[in-house]
Amino acid sequence: MNASSMEKNICELFAGVGGFRVGLEASTKGTNHAPWETVFADQWEPGRKRQDAFDCYCTHFGKRPEYSNEDIGKIDKASIPDHTLLVGGFPCQDYSVARTGAQGIEGKKGVLWWQIRDTLEAKRPPFVLLENVDRLLKSPASQRGRDFAIILASFWALGYRVEWRVVNAAEYGFVQRRRRTFIFAYREGTAYARRMTTADPLAVVNHDGFFATTFPMQESESVNEGTLPTQDLAEISDSFAFSFETAGFMRNGCIYTTKAVPDYNGPHTVLRDIMDHGVAQDFYLGDDLAKWEYLKGAKKVERTARNGHKYTFSEGPIAFPDSIDKPARTMLTSESTTNRSTHVITDLDTGRLRLLTPEEAEAIQGFPKGWTDTGMTKRFRYFCMGNALVTGCVKRMGETLNVIFENEP
């Protein structure tokens, strides 16, 4: 380990049950890399008297003063301890902004991106790693690319450069077809930023950058280029649109982006590999098989809009049951309820159809078995996993970060 390497202090916002922390801590276990230390974490579930996710977090990591169960919007960002890595998964929402008068802008209320931005402005951490849904790059539908451009312009205004990648976890060997946008930002003045200052943008995206190192992709022959017209977020909100692809790089307002095609030849995990034996009877389907077949099947249903207009709603079939020789589909917060998106699998021991167990849901996200068995209801255990991320993806990013941090003065 480089004795002069940067301290590895994490601030974890929207912490959930600790997915980022699980992955990052796993990246140093059994290695000579210095461990990660979480100096601040915040998790608050609005509208819930029980704060089960926070309780789960504290069960595993201890209940400490630096772990907050408050609305992040009410926390003075200057009071957050200094940190070198800010992480968090935040919702995809409408990021439009409005001018407040002669000076300044105001983000749409309730949008949690602005809490991240305020933390960046107050604390200026050298590195940032964020997660969001894949549709972030094309949001909103009426002005595609605007929301992501606002995020990029926010980073630019604060002196950061940004790389991004949409990663389907299953395409890199994990047991879930979960597509998520990951954002890696680094402050100007870091050794990593200096290396990227003169780097060829195509090389950054193809093989030299953070995501290309972590999640190799086939060489792209070119990048699409664009420019953020300004750091004025209100102006971007009013007029900007751009076709962001699934891999990209932004420095000094210049955008370079291309479609990422994974280049992975390692092992793959499928549902069968993580399934439990001896599953309790209450997980098996009962006499409602016909309802499940309807929910999973193709259908055309006549509906009436609020204005009285009649239209036909159509949807294609979903495999029923789910193949256990493939990775799981994207797990949602509604997992285990009687709906179209819930997994139904064939039990290994009995051959009967059943739902996933909470432990299998945890395994699909890469958490240790029983992680959410901390006093919350079974239903909320599924909810927490639907809200979580694939910790194995974070572990791989942590392995790349370990090297980056050890090359920082």
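Predicted model: local features only at pLDDT ≥ 70, side-chain atom pairs only at ≥ 80, totals over all residues.
Local features need pLDDT of at least 70 and side-chain atom pairs count only at pLDDT 80 or more, whereas totals for chains, interfaces and linings use all residues. Residues are numbered from 1 along each chain as its sequence is written, and side-chain values use heavy atoms, with hydrogens and water left out.

**View 1. The largest pocket holds about 980 Å³ of space.** A pocket is an open set of points on a 1 Å grid over the protein atoms alone, where a 1.4 Å probe fits, with protein on both sides within 12 Å along at least five of seven lines; lining residues have an atom within 4 Å of a point. The volume is the space filled by probe spheres set on the points. Among the 46 lining residues, Phe14, Gly89, Phe90, Pro91 and Asn387 are the closest to the centre. Helix α12 gives the largest share of the lining, five residues.

**View 2. Strands β13 (residues 299-304) and β14 (residues 310-315) run antiparallel, joined by six bridges.** Strands are DSSP runs of E with at least two residues, and helices are runs of H or I with at least four; two strands pair if DSSP finds at least two bridges between them. Thr304 stands opposite Lys310. Five residues separate the strands of this hairpin, and Gly308 in the turn has a positive phi of about 95°.

**View 3. The axes of helices α11 (residues 358-365) and α12 come within 9 Å and cross at roughly 10°.** Axes are lines fitted to C-alpha atoms over the stretch in contact, with angles from 0 to 180 degrees between N-to-C directions. The two helices are therefore roughly parallel, a term for angles under 35 degrees. Contact (heavy atoms within 4.5 Å) involves residues including Pro358 of α11 and Tyr382 of α12.

Notes: Parallel < 35°, antiparallel > 145°, perpendicular 65-115°, else oblique.
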